Amino acid sequence: MSLSATTAPPSPAAPPSPDLPSRQRRGRLLNRLDVKYSPYLYIAPFFLIFGAFGLYPMVRTAWMSLHDWDMIGEHSFIGFDNYTRLFSDEYFWNALVNTFGIFALSTIPQLLLALFLANLLNRTLLRAKTFFRMAIFMPNVVSVAAVAIVFGMLFQREFGLFNWLLGLVGVDPVDWDGQRWSSWFAISSMVNWRWTGYNTLILLAGMQAIPKDLYEAAEIDGAGPWRQFWQITLPMLKPTFTFVVILSTIGGMQLFTEPLLFANGNILGGSQREFQTLAMYMYEMGISNLNTAGYGAAVAWAIFMIIVVVSLFNFLLVRRSAK
Amino acid sequence: MGHSHTLAWRDEHPPTTHISLTTGKRGQRMSVTTRRTRLAAAALAAITAVSGLAACGNDDDKPAAGEKPAKLVVDTFGEMGYDELVKQYEKDTGIKVELRKTAQLAEYRPKLVRYLATGKGAADVTALEEGILNEFKPNARNWADLNPLVADHSKEFLPWKWELGKAPDGRLIGLPTDVGSLAVCYRKDLFQAAGLPTERDQVSALWSDWKGFHDAGLKYKQGSGGKAFIDSITAVSNGVMFQGGGDLFYDKEDNIIADTSPAVKNAWDTATSMADISAKAQTWSPEWSGGFKQGTFAATFCPSWMLGIVTENSGAANKGKWDVASVPGGGGNWGGSWLAVPAQAKYPKEAAKLAEYLTNAKSQVEAFKAKGPLPTNLEALKNEAFTSYTNEYFSNAPTGKIFGESVAKIQPTHLGPKHQAIKENALEPALRAFESGQADKAKAWEQFTKDAKTQGAF
């Protein structure tokens, strides 16, 4: 109904003849206004909400990042000083390294596993497909805080399940949040657990959109399943894969809840900032510390720029390798 | 209003146009557009209604100088025990008082920051916790100066507590409410098993100073087959820090002196010396909360508000196994609050009067009886109801007396603007890094002094 309405031509603007009853004339005017302006009204909610919660905060953050800004006190314009400060800020680089480390540990195995699982689920021979698809997606339904809390318990030093299991095979308990590699491993395992299923489903949807006759033709030509995967599935999956990679990049660069809860809510992320991510550093500077809100805003913009650059890089990489 | 608007629109159209879906092309289009018109009208009406509401919201903020307020709002966190007091105040003055409680300090602080940053929304009387108060002090203009608004109470409160309520520019921001007086909570059963005395007086006598405390810890470790004595060394630094008085991380001019301050060095040395008897369980971590039940440590430093947390973490099964002894080296403090009046309050004088009422000796005793915050008013500290108070869970320890004596020994201390940030984000992480063996003592100290400079900059 709404479709036909939007394609309807504008009502012919007949000059209002004086003998027409005023009610009818008014109705016609309303119709004209309706056809002209209602579409804007219908799309307005998105733009209003985006403007209020997307665009405005971005512009405001950019403005703040050019100031020495105290959340509850004075602010003074300092140009790009906050950005130059970023380059010599040891803890910013530390957070950057942590973010990329956790990102690599979570995204790469996750996407490989998702690809493998999607291929498995795509097999025609598999029974109870819907069940497996549902099951694999379930972790994504669980709230991130719940995941982080449960994993935090599993990775506890004293009473944690993993240390208990390690103890069974004679390995000394690991102080999971006390070292870089172990904390990164613990955090990326949360991310992997939660997002592998999601990516699997998207890749699976991409795989199912590949025409079956390609496979049939390949089979007739004598290509085995492995060859079919490399020569048909992967190249045809390119757009989907790009999408998944970019989404994972954005998610990975903004990693916040998992490491924060893993640190029991301490924004430093470990006593020597072993797993403080960029988003945590932004929060520390912009929100925890009241007098460095401007610098926190600069960190936020830095994260934005990094996401753009990394996404572009990934995009090019995926495009080239799939060619 | 919005609703009647929609109805009026609907009435403009004869009902036939609504349902003439089958009367040919023109009729059909008509009906569609009519419905769309109605939808659009409804949407418009909804928007007007919402903006109307928003406008109504703004109308509330009409300043009315000089007259008596109809209502005052009080913002508190945790349990400050003001429910009955506020009712009494309403009866006495005829001013309605609304008590807005926030359970967690972590939720309370962002709200306050928002009120101050936007200049509206703050309550007339606002409770400020120690860390928050210090953090807000450099921007003292956000708060009303209570000096001209209330009578001089400087002699009525613990002197060090009263001093902390003042901003660097001399204005009085807060009237003292409670303190987090320090004691040691210990497990009698574990002490007994390890061959230590269990009577609280004998236990207190074990550690008249910190060396004695460490010796007791070593003895416990020996007697218990290598078990840890205390939860963490950061708890120790918390205990030591306030005892000497004087400057901590900042000097009187608010320059950072974390690397040279004798009080800080003393706290550092005492804390690091305890690493061999520590369970390395970070306060508030799952290892820590779980440790109470598991008996991973036999003693911990208890500010008065911590008793409830120990009770909760240890569970009903351990009732009567805990007791309270005095803290090594005399008194100590960890936490505590003040009542302040934001500069944006419309009735600063009446708000100050209410804060004055809530912090007077009688009210502090009532609040203590209701929810247990420790008085700071000298008269309240001497009150029979307070001094005779015992805690059932902790083997009927005379907590009122123990905590009362502990706060009385504290010397006035100057806390700089970012005291809390330096303590939590520089000192304690460095201590933990040392405690867990990630850094040696020299390297941890280096980490602390460097972070203190960045954290403390303002």
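**Entry 1: chain A**

I started with burial: 32% of the 323 residues of chain A count as buried. I kept in mind that this is a predicted model.

Next I looked up the secondary structure. Chain A has 14 helices and two strands.

Then I turned to contacts in chain A. Taking those between residues at least 6 apart in sequence, I found that 68% join residues at least 24 apart.

**Entry 2: chain B**

I asked how many helices and strands chain B has. I counted 21 helices and 10 strands. Of its 458 residues, 48% are buried. For contacts with a separation of 6 or more, 73% come from residues 24 or more positions apart.

**Entry 3: a helix pair in chain B**

I picked helix H20 (residues 419–435) and helix H21 (residues 441–456) of chain B. Two packed helices are described by the angle between their axes and the distance between the axes. Here the angle is about 165 degrees and the axes are 8 Å apart. An angle over 145 degrees counts as roughly antiparallel, and H20(B) and H21(B) are therefore roughly antiparallel to each other. H20(B) passes H21(B) in a right-handed crossing.

I listed who makes the contact. From H20(B) the residues include B:Ile422, B:Leu427, B:Leu431 and B:Phe434. From H21(B) they include B:Lys441, B:Phe448, B:Asp451 and B:Gly456. Sorted by class, the contact has 11 nonpolar, four polar and two charged residues.

Most residues other than glycine have a negative phi. I noted two residues with a positive one.

In chain A, phi of A:Asn264 is near 55 degrees. I found A:Asn264 in the loop between helix H12 (257–262) and helix H13 (278–288) of chain A. Is A:Asn264 buried or partly exposed? It has 16 C-beta neighbours inside 10 Å, so it counts as partly exposed.

In chain B, phi of B:Asp254 is near 65 degrees. B:Asp254 sits in the loop between strand S5 (246–247) and helix H12 (262–273) of chain B. With 18 other C-beta atoms within 10 Å, B:Asp254 is partly exposed. Being buried would take 20 or more.

Note on methods
Residues numbered from 1 in each chain as written. Chains lettered and ligands numbered in written order. Predicted model: local features only at pLDDT ≥ 70, side-chain atom pairs only at ≥ 80, totals over all residues. Helix = DSSP H or I, 4+ residues; strand = E, 2+ residues; numbered from the N terminus. Buried ≥ 20, exposed ≤ 12 C-beta atoms within 10 Å, placed from the backbone. Contact = placed C-beta atoms within 7 Å. Axes fitted to C-alpha atoms, helices over the stretch in contact; angles between N-to-C directions. Parallel < 35°, antiparallel > 145°, perpendicular 65-115°, else oblique. Left-handed = near helix turned anticlockwise from the far one by under 90°. Nonpolar A, V, L, I, M, F, W, Y, C, P; charged D, E, K, R; others polar.
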